[in-house]
Amino acid sequence: HFLAFISMRRPFTSQEIIRFKEMFGNGLYENYKAHINQIRTDIEYAYGHQAALHWRKYVTYYSPTEAKSKFNADTAVIFSVKLDSAEYYKKKYRFFDALFLEKKERSWVSFYCFYDEAGKENLSNYMKAVESVFRYED
């Protein structure tokens, strides 16, 4: 009734971070906001270009305290999509949640969760399980 996929990017090396800072200079490079482009892309795919421009309306940020305590992350963001029948995953899973975790000077981790009506009824338990899977090291 519930499936979760994890997408992990490798952490940036110290040399890459230095190079990014040199390229973007004056603090314009903010690695810890890199997940936002992925969120915008996902929202654009689900809801269209206009929605992507106003992506913050579609997401819920965990509080900094909750992001730190659950994931040792600086940022945790979640959003949900009810899929059209033509988009059901495996012709069964009609609901989709995406959870993004980010830690400064690291990369981000994405959890893509698909669930059906029965999974929706038990969603809080499934999401607790997902939340227990990953934690950034210090």
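This report walks through the salt bridges, nonpolar cores, ring pairs and one surface patch of a predicted model.

## Ground rules

Since this is a predicted model, local features need pLDDT of at least 70 and side-chain atom pairs count only at pLDDT 80 or more, while totals for chains, interfaces and linings use all residues. Residues are numbered from 1 along each chain as its sequence is written, and side-chain values use heavy atoms, with hydrogens and water left out.

## Salt bridges

Searching the whole structure turns up four salt bridges, each being a side-chain nitrogen of Lys or Arg within 4 Å of a carboxyl oxygen of Asp or Glu. One of them joins Glu66 and Lys70, at 3.0 Å from N to O. Both residues sit in helix H4 (residues 64-71), four residues apart, or about one turn of the helix. Helices here are DSSP runs (H or I, at least four residues), as are strands (E, at least two), numbered from the N terminus. Lys70 also pairs with Glu131, where the closest N and O atoms are 3.1 Å apart. That pair links distant parts of the chain, with Lys70 in helix H4 and Glu131 in helix H6 (residues 123-131), 61 residues apart. Put together, Glu66, Lys70 and Glu131 make a network of salt bridges.

How covered are these side chains? Buried means under 20% relative accessible area, exposed over 50%, and partly exposed in between (1.4 Å probe, protein chains only). On that scale Glu66 is partly exposed at 29%, Lys70 is partly exposed at 30%, and Glu131 is buried at 15%.

Arg94 is in the loop between strand S3 (75-82) and strand S4 (95-102), and Glu117 is in helix H5 (residues 117-121), 23 residues apart. Arg94 is partly exposed at 21%, and so is Glu117, at 38%.

## Nonpolar cores

As a rule, nonpolar side chains in soluble globular proteins tend to be buried together. A nonpolar core here is a set of buried Ala, Val, Leu, Ile, Met, Phe, Trp, Tyr and Cys residues joined through side-chain atoms within 4.5 Å. The largest one has 19 residues, and Phe2, Tyr62, Phe71, Leu99, Leu101 and Phe111 touch the most other members. H4, S3, S4, strand S5 (108-115) and H6 each give two or more residues to this core, with S5 supplying the largest share, four residues.

Phe2 has contacts (heavy atoms within 4.5 Å) that include Tyr93, Cys113, Leu123 and Val130, leaving aside residues up to four places away in sequence. A second, separate core holds 17 residues, among them Trp55, Val59, Phe79 and Phe100.

## Aromatic pairs

There are 15 aromatic pairs in the whole structure. Rings of Phe, Tyr and Trp (its six-membered ring) pair if their centres lie within 6.5 Å; planes under 30 degrees apart count as stacked, over 60 as edge-to-face and the rest as tilted. Phe96 and Tyr112 are stacked, because their ring centres are 5.8 Å apart and their planes are at 15 degrees. With Phe96 in strand S4 and Tyr112 in strand S5, the pair ties together parts 16 residues apart in sequence.

Both Phe96 and Tyr112 are buried. They also belong to a cluster linked by ring pairs, whose members include Phe5, Phe79 and Phe114.

## A surface patch

Ile6, Met8 and Val133 form a nonpolar patch on the surface, with about 300 Å² of accessible area together. Patches are made of residues with over 30% relative accessible area and no salt bridge, with like charges joined within 9 Å and nonpolar side chains (Val, Leu, Ile, Met, Phe, Trp, Tyr) within 5 Å; accessible areas come from the Shrake-Rupley method with a 1.4 Å probe, and for residues only the protein chains shown count as cover. Val133 is in the segment after H6 and counts as exposed at 53% relative accessibility.
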